[in-house]
Structures are given as C-alpha cells and as structure tokens.
Amino acid sequence: MLSKMMIATSLTASMVLTGCTSSMPNPSTERHLAKLQNKNWVMTEINQVKYKADPVLSAVPMLSFDNSQLSGSDGCNQFMGGYAVQDTQIKFSNLATTEKACLNPTDLPQKFAQALNQVVSYEATDHELKLFDSNHRVVLKFKNMK
C-alpha cells in the first residue's frame, strides 16, 4: 500500500514538474517581446503606402503592447484585445473596438483592420515595428514614439 502511494506521489510530482518545464519562457521570445512591449507604436506605412500624420494633431493608427493585452487606435476608433507571441510569430485574439462616428471619415480604419487581420509575424527594434503577412510582406510599419 505504501509503495503504491509513493509511486502515485512520484508520478504526480513528475507531471507537475514537467508542466513547469514546458511553460518556461523561450529566451528568443523574451528578447523579441522586450523590443515589442511598453512602447507607443505609431503607424508610418500601410500596405507599402507611407502614412504621414502628426499624432498630436490628428488621430493616427497606433498600437501598444503590455504583458498580455494589445490596445490602440485605427485612426478613428479605439480597440483592445489579446495577443500571443512565440519567437517572432504573433497572433491577435478577441479584438474589440468602439464604433463612434468619425469627424473625418476615410477608409483608413477599414484598411488598418484588414491589414491587422493578415498579420502572422513581426520584427521589432527599439525604434521600428514591422508586421508581416503569411507571405512575409510588410503590411504595417510603425515607429516608436515613447
């Protein structure tokens, strides 16, 4: 009886430790996240078309990543949701947006949302963020304003 209990305890401890090991952060992912998070990313390009606007004077598409949440603006409405990163792969989830009437209606919010939905990977430096589609084309480019 005692040996069966010790075997069961050993198996349980092994499974717990294995679970902890598999959830340890990947050093490569951690390095990439450090460049991505805690910055104010202001859009400078969408589908290879340069976008110039002063974020102080007008609503500009922006992104901000914290530990587990994404928030930002599409140039008119605010949005937020989750994201997951593995190395340089990124996936957005549960994005919710406000639906206000914009003063200067353009198709920029729709283009931004479509481009964001295509994103599967990223490349970030201290000053620039590039979001890529599945064909590794840059669909959105940002500069760090923080």
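Modeller: Before we start, helices here are DSSP runs of H or I with at least four residues, and strands are runs of E with at least two, numbered from the N terminus. Keep in mind that this is a predicted model.

Colleague: Thanks! Which element supplies the largest share of the lining of the second largest pocket?

Modeller: That pocket has a volume of about 180 Å³. Strand S6 (89-97) and helix H3 (108-118) each supply at least two residues of its lining. The largest share, 5 residues, comes from H3.

Colleague: And how many residues of that lining are nonpolar?

Modeller: The lining includes Asp74, Phe79, Thr97 and Leu116. By type, the lining has 1 charged residue and 4 polar ones, and the nonpolar count is 7.

Colleague: Now for lysine 141: is it buried or exposed?

Modeller: You can find lysine 141 in strand S9 (residues 138-144). The cut-off for buried is under 20% relative accessible area. Lysine 141 has 17% relative accessibility, so it counts as buried.

Colleague: Which side chain meets that of lysine 141 in a salt bridge at 3.6 Å, N to O?

Modeller: Leaving aside neighbours within four places in sequence, the contacts of lysine 141 include Val42, Thr44 and Leu129. Its partner in the 3.6 Å salt bridge is glutamate 45. The pair links strand S9 with strand S1 (residues 41-46), 96 residues apart.

Colleague: Where does aspartate 126 lie, the partner of lysine 35?

Modeller: The side chains of aspartate 126 and lysine 35 meet in a salt bridge of 3.6 Å, N to O. Lysine 35 is in helix H2 (residues 27-36), 91 residues apart from aspartate 126, which lies in the loop between strand S7 (121-124) and strand S8 (128-132).

Note on methods
Residues numbered from 1 in each chain as written. Predicted model: local features only at pLDDT ≥ 70, side-chain atom pairs only at ≥ 80, totals over all residues. Heavy atoms only, no water. 1 Å grid on protein atoms, 1.4 Å probe; cavity = no way out; pocket = protein on both sides within 12 Å on 5 of 7 lines; lining within 4 Å. Points joined across faces, edges and corners; volume = space filled by probe spheres on them. Nonpolar A, V, L, I, M, F, W, Y, C, P; charged D, E, K, R; others polar. Buried < 20%, exposed > 50% of the residue type's maximum accessible area, 1.4 Å probe, protein only. Contact = heavy atoms within 4.5 Å. Salt bridge = Lys/Arg side-chain N within 4 Å of Asp/Glu carboxyl O.
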